[in-house]
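Visitor: I am new to reading protein models. Could you walk me through this one?

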Amino acid sequence: MSATAVREKRETTIPADVAEAAGIHPGDQVDWRFEGGEIRVRKIVMEQPETLGMTDIDPVTLLPKAGTITRESIVAAIRADRNGKS
């Protein structure tokens with residue numbers, strides 16, 4: 001068991017062994033919940049959209065060769081094509 005104190009501003013430190021086991025690093029965000037009389041914390045994992053370039057798209061089907069098409073990937077591909085960086 002790892003125990004820490006709660007300071008005046010309700011701040012606490014995540015014990016090093018717990019942070020390491022959960023893969024929590026400085027700058028990461030965590031989600032706090034109170035369920036069934038227990039405080040539960042979990043690391044928030046942000047999904048990063050994959051950006052596809054013009055070479056990642058099949059010119060016949062206009063579908064990605066791998067990955068998924070997102071609004072961001074379309075915008076990035078159009079900008080790259082306009083700038084001659086396909």
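**A short tour**

Visitor: Is Asp31 buried or exposed?
Guide: This is a predicted model, where local features need pLDDT of at least 70, side-chain atom pairs count only at pLDDT 80 or more, and totals for chains, interfaces and linings use all residues. Residues are numbered from 1 along each chain as its sequence is written, and side-chain values use heavy atoms, leaving out hydrogens and water. Buried means under 20% relative accessible area, exposed over 50%, and partly exposed in between (1.4 Å probe, protein chains only). Asp31 has a relative accessible area of 18%, so Asp31 is buried.

Visitor: With which side chain does the side chain of Asp31 make a polar contact?
Guide: Asp31 sits in strand 1, residues 30-35. Strands (E, at least two residues) and helices (H or I, at least four) are DSSP runs, numbered from the N terminus. A polar contact is a pair of N or O atoms within 3.5 Å; within protein, one must be able to donate a hydrogen and the other to accept it, and residues adjacent in sequence count only if both atoms are side-chain atoms. At 2.7 Å, the partner is the side chain of Arg33.

Visitor: How does Asp56 count, at 29% relative accessibility?
Guide: Asp56 lies in the loop between strand 2 (38-43) and helix 2. Its relative accessibility is 29%, so Asp56 counts as partly exposed.

Visitor: Within what arc do the buried residues of helix 2 fall?
Guide: An α-helix has 3.6 residues a turn, so residues three or four places apart point the same way. In helix 2, the buried residues are Ser73, Ala77 and Ala80. They line one face of the helix, because seen down its axis (directions run from the axis to the C-beta atoms) they fall within an arc of 65 degrees.

Visitor: Which residues are exposed on the other side of helix 2?
Guide: Helix 2 covers residues 71-82. On its other side, the exposed residues are Arg71, Arg79 and Arg82.

Visitor: Which element gives the most to the lining of the largest pocket?
Guide: On a 1 Å grid over the protein atoms alone, a pocket is an open set of points where a 1.4 Å probe fits, with protein on both sides within 12 Å along at least five of seven lines; lining residues have an atom within 4 Å of a point. The largest pocket is lined by 17 residues, including Trp32 and Val41. Helix 1 (16-22) and strand 2 each give two or more. With 4 residues, the top contributor is strand 2.

Notes:
Expected span 1.5 Å × (residues − 1).
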